[in-house]
Amino acid sequence: MVEDKLHIAALNKSFVVRHTVKLVKLAAKYDLDSVKLGSVEDDTPEKQIEDELSFFDKMVDFPVSVFKLNDKDAEKLEDMDFEDLRDLNIRLSSMIQKVDTKKTDETIHALHHPEEVPEDLKSEPGNKTSTN
């Protein structure tokens, strides 16, 4: 069996990515929270900001939970650039759920270059690259 490994540059460490049911559920929950963040239009501005702040914590908590990181490593993740941590989490979630690497790379590319996303994909519900 081939082991999937993920290197986290901010920690200068590589980790084996496991595919346990517990981790698949954790990754799916993270993905769901990510999709929910941009999908609620009826919320007040205060509620939207509260949800964003909560999600920032989840961005750090996700790899901390998966790899059982200590507080020092969690702090290093929190000091990462937002886009770098977002990309790391997309890659981690995809690896746990055994999503095709090419699809993951396309998703990350689309987040960095939204102008290149075809119009029909921008409006798909649940699309991580959605700009709506």
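**Figure 1. The loop between strands β1 and β2, with Asn 12.** In this predicted model, Asn 12 belongs to the loop that joins β1 (4-8) to β2. The phi angle of Asn 12 is near 55 degrees, a positive value in a residue other than glycine. Asn 12 is exposed, its relative accessible area being 64%. In the chain as a whole, two strands accompany six helices, and the order along the sequence is β-β-α-α-α-α-α-α.

**Figure 2. The salt bridge between Lys 13 and Asp 73.** Lys 13 and Asp 73 form a salt bridge in which the closest N and O atoms are 2.8 Å apart. Because Lys 13 lies in strand β2 (residues 13-17) and Asp 73 in helix α3, the pair ties together parts that are 60 residues apart in sequence. The chain holds five salt bridges by the distance rule applied here, among them the one between Asp 73 and Lys 13.

Figure 3. Lys 29, Asp 33 and Lys 58 are linked in a network of salt bridges. Within this group, the side chains of Asp 33 and Lys 58 meet at 3.4 Å, N to O. Asp 33 is buried, with a relative accessibility of 11%. Lys 58, in contrast, is partly exposed, at a relative accessible area of 31%.

**Figure 4. The packing of helices α1 and α2.** The axes of α1 and α2 are 11 Å apart, and the two helices pack at an angle of about 160 degrees. Angles over 145 degrees count as roughly antiparallel, and α1 and α2 are therefore described as roughly antiparallel to each other. Their crossing is left-handed.

Figure 5. The side chains of Lys 47 and Asp 51 meet in a salt bridge, with an N to O distance of 2.8 Å. Lys 47 and Asp 51 are four residues apart in helix α2, and about one helical turn therefore separates them. Both residues are partly exposed: the relative accessibility is 26% for Asp 51 and 36% for Lys 47.

**Figure 6. The step from helix α2 to helix α3, with Lys 68.** Lys 68 is found in the loop between α2 and α3. Although Lys 68 is not a glycine, its phi is positive, at about 55 degrees. Lys 68 is exposed, with 66% relative accessible area. The axes of α2 and helix α3 (residues 71-78) come within 9 Å of each other and cross at roughly 140 degrees. This angle makes α2 oblique to α3. The crossing of α2 past α3 is right-handed.

**Figure 7. A nonpolar patch on the surface.** Ile 49, Leu 53, Phe 56 and Phe 82 form a nonpolar patch on the surface, and together they have about 390 Å² of accessible area. Helix α2 (residues 45-67) supplies the largest share of the patch, three residues. Phe 82 lies in helix α4 (residues 82-96). Phe 82 counts as partly exposed because its relative accessibility is 43%.

**Figure 8. Ser 94 in helix α4, shown with Val 24.** Ser 94 is found in helix α4. Ser 94 is buried, at a relative accessible area of 7%. Ser 94 and Val 24 are 70 residues apart in sequence, and their C-alpha atoms are 9.4 Å apart in space. Across the 132 residues of the chain, buried residues make up 32%.

How values were computed
Residues are numbered from 1 along each chain as its sequence is written. This is a predicted model: local features need pLDDT of at least 70, side-chain atom pairs count only at pLDDT 80 or more; totals for chains, interfaces and linings use all residues. Side-chain values use heavy atoms; hydrogens and water are left out. Patches are made of residues with over 30% relative accessible area and no salt bridge: like charges are joined within 9 Å, nonpolar side chains (Val, Leu, Ile, Met, Phe, Trp, Tyr) within 5 Å. Accessible areas come from the Shrake-Rupley method with a 1.4 Å probe; for residues, only the protein chains shown count as cover. A salt bridge is a side-chain nitrogen of Lys or Arg within 4 Å of a carboxyl oxygen of Asp or Glu. Buried means under 20% relative accessible area, exposed over 50%, partly exposed in between (1.4 Å probe, protein chains only). Axes are lines fitted to C-alpha atoms, for helices over the stretch in contact, and angles run from 0 to 180 degrees between N-to-C directions. Angles under 35 degrees count as roughly parallel, over 145 as roughly antiparallel, 65 to 115 as roughly perpendicular and the rest as oblique. A crossing is left-handed if the near helix is turned anticlockwise from the far one by less than a right angle, and right-handed if clockwise.
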